[in-house]
Amino acid sequence: MSYVAACRLSVVVSQPQINPPLRSFWFGAAFHILRNPFQPAPLCVYHLQATGRALASTQPSGASSSASANMGSKKVQPFGSWRSPLTAELVSGASLRLGGAAVDSDGHLLWVEGRPAESGRSVLVREATKGGFMEDITPKGFDVRTTVHEYGGGAFTIAGDTIIFSNYGDQRLYQQTLKGDRSPVALTPAYDGPVVRYADGRVDLKFNRYITVREDHRKVGKEASNEIVAIQLEGDPNTEPMILVEGNDFYSFPRISPDGEKLAWIEWSHPNMPWDSAALWVGQISVDGTVINKVCVAGGDQTIIQAPTEPCWSSKNKLLFVSDKDNGFWNLYQWVEGNNVQPLYPLDAEFTRPAWNFGNSSFSFIETDGVPSGSQVACTYRQRGISYLGILDLSTNHFSPIQTPFTTIYNLINWKNSTGKNEFSVVWSSDSIDIAKFQPYFSTPTVIQFPTKVTGQTAFANFYPPRNADFMQPEEEKPPLLVRSHGGPTSEADATLQLSIQYWTSRGWAFADVNYGGSTGYGRPYRERLYGNWGVVDVNDCCSCAEYLVATGEVDGQRLCIDGRSAGGYTTLATLVFSHTFKAGASLYGLCDLSVFQEDTHKFESHYIDSLVGKGELALRERSPINFLENLTCPVILFQGLEDKVVLPNQAEMIYKAVKAKGIPVALIEFEGEQHGFRKAENIRYTLEQEMLFFARLVGGFEVADDITPVHVDNLD
C-alpha cells in the first residue's frame with residue numbers, strides 16, 4: 001500500500017533495525033510516529049546536513065497468526081469460509097498505482113498516480129500547498145504513461161516549472177507549465193498511431209532541448225529501433241528529433257553533466273537483458289549539440305561480466321554509477337580521471353533493482369541548506385529482502401547507516417530543505433480505508449528460508465498465516481495454501497502491505513510469496529541460478545516451499561494451490577505439468593508455449609529466453625507446458641488481457657483449448673482493453689473473486705462467505 005507524506009527532522013545515525021515490512025510509501029518518517037504499526041507509511045525527508053526522499057515500506061515486527069487475538073469472541077468456521085471486511089471491491093478500489101516523483105522549483109512534490117477507477121489512467125498530482133489541497137496537474141484527456149519496452153517508466157520530467165511528459169494515447173511528448181496556462185503543448189510529431197515512443201529524459205538547458213530515449217516502430221515488419229535523441233523545446237513540433245546516440249539495441253539513463261559538457265548513458269545489446277551485461281558510456285557534447293569523443297567507462301571489457309546502471313552526476317561533475325563487476329552485488333562506483341573506476345563502498349548488498357522500468361533512482365547527491373554537495377550521497381540498498389538507508393561521504397569513504405523502521409525503500413529523490421525542524425504530515429494515500437479499522441484482519445508475513453531440491457541450497461519466501469479477528473478454525477484443521485510465483489522472472493516479492501494478499505489471508509487462506517532461485521535482491525549468483533533452468537529451479541523452489549510448510553505443520557497438504565502473473569504464470573503452468581505438488585492453479589497472462597512467445601513478443605524480451613532456457617527449438621519445446629499436458633491432472637483458471645503485447649492472448653487460448661479437450665476443469669476469462677497487467681478496478685475485482693471461488697469449488701471443500709456468481713467452468717458446470 002502506498003502513501004505520500006512529508007517530514008523534516010534531525011536524524012541520529014545508527015545501525016538500522018530489521019523490521020518486517022508493511023506498506024509502500026514515499027520515504028522517511030519521524031520514528032515515533034510509526035510506533036503504531038499501521039500508521040500510514042509516508043513520503044518524508046530526513047534532515048542530516050542533507051535531505052532526501054524515497055519510496056519505502058514499513059511493518060510491525062513479529063508474526064501474527066489467527067491464534068493471536070481473543071479466542072473467546074471468535075466464531076469457529078473452516079478455513080477459507082471466513083467473512084472478511086476486505087472485500088474485492090475495496091481491494092480493487094484501493095489499488096492506486098504510485099509512479100515516479102519529482103520536485104518543482106518551489107519545493108513541492110509531484111507524483112504519478114495510476115487510477116483503476118479511471119481505467120488505469122495515470123495523472124500527475126502535486127502535494128497540497130499551505131491552506132490548499134492536492135491538485136491534479138494533468139488535465140482530462142491526457143494520461144502520463146509511456147510504453148517504451150512495453151513496461152514504461154520515466155514518463156515525465158520536471159525542470160523548474162516546466163513538465164515534459166509522455167501521453168499514453170498517442171505516445172507524443174508534451175510540454176506543460178505549472179504557472180499560467182497549463183494546457184499541454186505537443187513537442188514531437190504526430191504519427192499514424194502511437195508508433196514512436198519516448199522515456200527517461202532530461203532537459204539540456206544549454207541548448208534548450210530535451211534529451212531522451214526514443215523507441216521507433218515506424219518500420220513495419222522490422223524490429224523497433226532505439227536511440228537517444230534531442231528534441232527542441234521551442235519551434236515546430238513536427239520537426240524530427242536529432243539523433244545523438246544510435247547503433248545499439250537498447251539505451252537508458254541519458255544524463256547530462258551539470259556543466260552541460262558531457263552526456264552519460266547506458267546501452268546493451270541482444271541477447272542480453274540490462275541486468276545481464278551492459279555498458280556505461282560518456283560522450284562530449286560539442287558546440288553544435290552532437291555527441292563526440294565517446295568513451296566506454298564500464299562494460300567494454302568482454303572478459304569482465306558486469307551490468308552497470310544508474311549513472312548520476314554530482315554538482316562538481318563527478319560521475320557515480322552502480323555495477324556488479326567485483327563481488328556479484330550491485331555496488332556504487334565512481335569514474336575518475338584516466339578512464340578508471342573505483343569502488344566506493346564494497347558490500348554484499350544490492351544498491352539498485354533490475355531495470356524493468358525506466359527511472360530507477362537508488363542514490364542521490366544530497367544538498368545542505370539548498371546547496372548541492374559533491375561529496376555526500378544518500379543511498380538505499382537491500383540485503384536478503386530488507387532495505388537499508390545511509391549516507392556515504394565520498395571524501396572519507398565513510399558510510400553512516402540511518403536507522404529506519406522501513407524495509408522496502410526505493411526511488412530516492414533529492415529535495416531542498418533548510419529548516420532543521422522536526423515536522424511530519426501525510427500528503428497522499430493510495431486508498432481511503434481506515435487502517436486501524438482493518439488492523440485485526442491483517443496478516444504479518446514472516447520471511448522463511450527453506451531447503452531446495454539442490455543439496456545445500458536454500459531459497460526464501462514471505463509466509464502469511466491466516467488471520468481474521470472474527471473467526472477461528474475447527475480444532476486440528478490446517479489452512480489451504482496459495483503459493484505465488486512472482487513475475488519477471490528476474491524480479492522479487494517484497495513483503496509490503498498488499499490488500500490483494502490480505503484478501504486471501506483474512507478469509508482463512510495461508511499465503512506464500514516465493515523468492516525462488518533467480519529472484520533479485522540476493523546477488524548475481526542467486527539470480528543466475530535460473531539461467532538455463534527456467535521451468536526447473538523456479539518450479540522446484542515453489543514445490544519445496546509448499547512441501548516445507550506442510551512438513552512444518554503450517555498448511556494442509558491436500559489443499560495446495562499456486563498462481564502467478566506473466567512469467568509467474570509460466571511457472572504456475574510449468575509446476576502443474578512438471579510436478580504433482582499442487583491441486584489447482586491460476587495463470588494470469590502467463591506463458592504456455594515458449595516457441596510462440598519468442599516469435600511474437602516485443603523487442604525488449606525477444607532474446608530473454610536464450611539465457612533462461614537456452615537456444616534452439618528443442619530447448620524451448622522441453623520447457624513449454626503446452627507440450628506436456630498429458631501430465632496435467634488438476635484444474636486451471638486463466639485470465640488474459642486482449643491488448644497484451646508482451647504475452648499475446650493466443651497463449652491463454654492454446655492452454656485453455658488443450659486442457660478443455662483433456663476433460664479437466666478449466667476456465668478462461670478475457671478482458672477487453674487490458675494489457676499486460678490489469679488496470680481497471682472492475683477487472684481487478686472480478687479476477688480476485690473468480691480465482692478464489694474457483695479454488696474453493698475445486699479444492700477447498702468449503703463454501704465461501706462472499707456472494708459471488710461463479711464463472712462457467714468447462715468440464716465441471
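Four strands form an open sheet in the order S5-S6-S7-S8, paired antiparallel. The model is predicted. Strand S5 (97-103) and strand S8 (135-136) stand at the edges, each with a single partner strand, so one side of each has no neighbour in the sheet. Strand S7 (residues 121-126) pairs with S8 in the antiparallel sense over two bridges. In that pairing, Arg-126 stands opposite Glu-135 of S8.

**Salt bridges**

The salt-bridge count comes to 32. Arg-115 and Asp-136 form a salt bridge, with their closest N and O atoms 2.8 Å apart. This pair links distant parts of the chain: Arg-115 lies in strand S6 (residues 109-115) and Asp-136 in strand S8, 21 residues apart. Buried or exposed, what is Arg-115? Its relative accessible area is 12%, which is under the 20% cut-off, so Arg-115 counts as buried. Asp-136 has a relative accessible area of 38% and is partly exposed.

Arg-197 and Glu-215 make another salt bridge through their side chains, at 3.5 Å from N to O. This pair also links distant parts of the chain: Arg-197 is in strand S13 (residues 196-204), Glu-215 in strand S14 (residues 209-216), and 18 residues separate them. Arg-197 and Glu-215 are both buried.

Glu-528 and Arg-524 form a salt bridge as well, the closest N and O atoms being 2.8 Å apart. Glu-528 is partly exposed, at 30% relative accessible area. Arg-524 is buried, at 8%.

The pairs described here are listed below.

| Salt bridge | N to O distance |
|---|---|
| Arg-115 and Asp-136 | 2.8 Å |
| Arg-197 and Glu-215 | 3.5 Å |
| Glu-528 and Arg-524 | 2.8 Å |

**The second largest pocket**

Which helix gives the largest share of the lining? Helix H7 (residues 594-600) does, with three residues. By class, the lining of this pocket has seven nonpolar, 11 polar and 10 charged residues.

Six of the six residues of strand S38 (residues 636-641) are buried, so the strand is largely enclosed by the rest of the structure. In a regular strand, side chains alternate between the two faces of the sheet. Both faces of S38 are covered. Val-636, Leu-638 and Gln-640 are buried on one side, and Ile-637, Phe-639 and Gly-641 are buried on the other.

S38 has parallel pairings with two strands, S37 and S39. Strand S37 (residues 584-588) pairs with S38 over four bridges. Here Leu-588 stands opposite Phe-639 of S38. S38 pairs with strand S39 (residues 666-671) over six bridges. Val-636 stands opposite Val-666 of S39. How does the chain get from S38 to S39, and what is the hand of the crossover? The chain passes through helix H10 (residues 650-662), and this β-α-β crossover is right-handed.

Notes
Residues are numbered from 1 along each chain as its sequence is written. This is a predicted model: local features need pLDDT of at least 70, side-chain atom pairs count only at pLDDT 80 or more; totals for chains, interfaces and linings use all residues. Side-chain values use heavy atoms; hydrogens and water are left out. Two strands pair if DSSP finds at least two bridges between them. Ala, Val, Leu, Ile, Met, Phe, Trp, Tyr, Cys and Pro count as nonpolar, Asp, Glu, Lys and Arg as charged, and the others, Gly among them, as polar. A salt bridge is a side-chain nitrogen of Lys or Arg within 4 Å of a carboxyl oxygen of Asp or Glu. Buried means under 20% relative accessible area, exposed over 50%, partly exposed in between (1.4 Å probe, protein chains only). A crossover is right-handed if, with the strands pointing away from the viewer, the path from the first strand over the helix to the second runs clockwise.
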